[in-house]
Amino acid sequence: QLQLVESGGGLVQPGGSLRLSCAASGFTLNYYAIGWFRQAPGKEREGVSCISRSGVTTNYADSVKGRFTISRDNAKNRGYLQMNSLKPEDTAVYYCAASWACGGALEYWGPGTQVTVSS
């Protein structure tokens, strides 16, 4: 079965940190760019960050620049999103996705992991 699974979400206070992981099964994630997206209740899905297949190129939404860091470990077939200085407006369901290139058609999606930032 070809799938992505996110983990690492949870409840954190403002200013705190979380690290999300994205694990692939049934296919080699190394051949794909990895994107992170989020969707808050009542809002449209938005792109958060993306990393190229090699890991050399990364991009971020303006709202998370300087706070979030995307990375990947091709040996472990995983991607990561380190989130620091979290704000209540970061509260959303976070999804990882695989595509041939950042900005390209999304080939695989995970079911999402909830991130809640609240005191």
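Me: How many disulfides does the count come to?
Reply: This is a predicted model. A pair of cysteine sulfur atoms counts when they lie within 2.5 Å. C22 and C96 have their sulfur atoms 2.1 Å apart, and those of C50 and C102 are 2.0 Å apart. The count comes to two disulfides.

Me: What pattern do the disulfides follow?
Reply: Bonded cysteines are counted along the chain. C22 pairs with C96, and C50 pairs with C102. The pattern is 1-3, 2-4.

Me: How many residues apart in sequence are the parts that C22 and C96 tie together?
Reply: C22 lies in strand β3 and C96 in strand β9. The pair therefore ties together parts of the chain at a sequence separation of 74 residues.

Me: Is the link of C50 and C102 right-handed or left-handed?
Reply: This link joins distant parts of the chain, with C50 in strand β5 and C102 in the loop between β9 and β10. The angle about the S-S bond is -95°. The link of C50 and C102 is left-handed.

Me: Is C102 buried or partly exposed?
Reply: Buried means under 20% relative accessible area, and exposed means over 50%. C50, its partner, counts as buried at 8%. C102 has 30% relative accessibility, so it counts as partly exposed.

Me: Is the pair of F27 and Y32 stacked or edge-to-face?
Reply: Both residues are buried. Their ring centres are 5.5 Å apart, and the planes meet at 85°. Planes over 60 degrees apart count as edge-to-face. So the pair of F27 and Y32 is edge-to-face.

Me: How many residues apart are F27 and Y108?
Reply: Their rings are stacked, 4.2 Å centre to centre with 20° between the planes. F27 sits in the loop between β3 and β4, while Y108 is in strand β10. The two are 81 residues apart.

Me: Which residues form one aromatic cluster with F27?
Reply: F27 pairs with Y32. F27 also pairs with Y108. The cluster with F27 is made up of Y32, W100 and Y108.

Me: Over which ring does the charged end of R19 sit?
Reply: A charge sits over a ring only within 6 Å of the ring centre and within 35 degrees of the ring normal. The charged end of R19 is 3.9 Å from the centre of its ring. That ring belongs to Y80.

Definitions and conventions: Residues are numbered from 1 along each chain as its sequence is written. This is a predicted model: local features need pLDDT of at least 70, side-chain atom pairs count only at pLDDT 80 or more; totals for chains, interfaces and linings use all residues. Side-chain values use heavy atoms; hydrogens and water are left out. Rings of Phe, Tyr and Trp (its six-membered ring) pair if their centres lie within 6.5 Å; planes under 30 degrees apart count as stacked, over 60 as edge-to-face and the rest as tilted. Buried means under 20% relative accessible area, exposed over 50%, partly exposed in between (1.4 Å probe, protein chains only). Helices (H or I, at least four residues) and strands (E, at least two) are DSSP runs, numbered from the N terminus.
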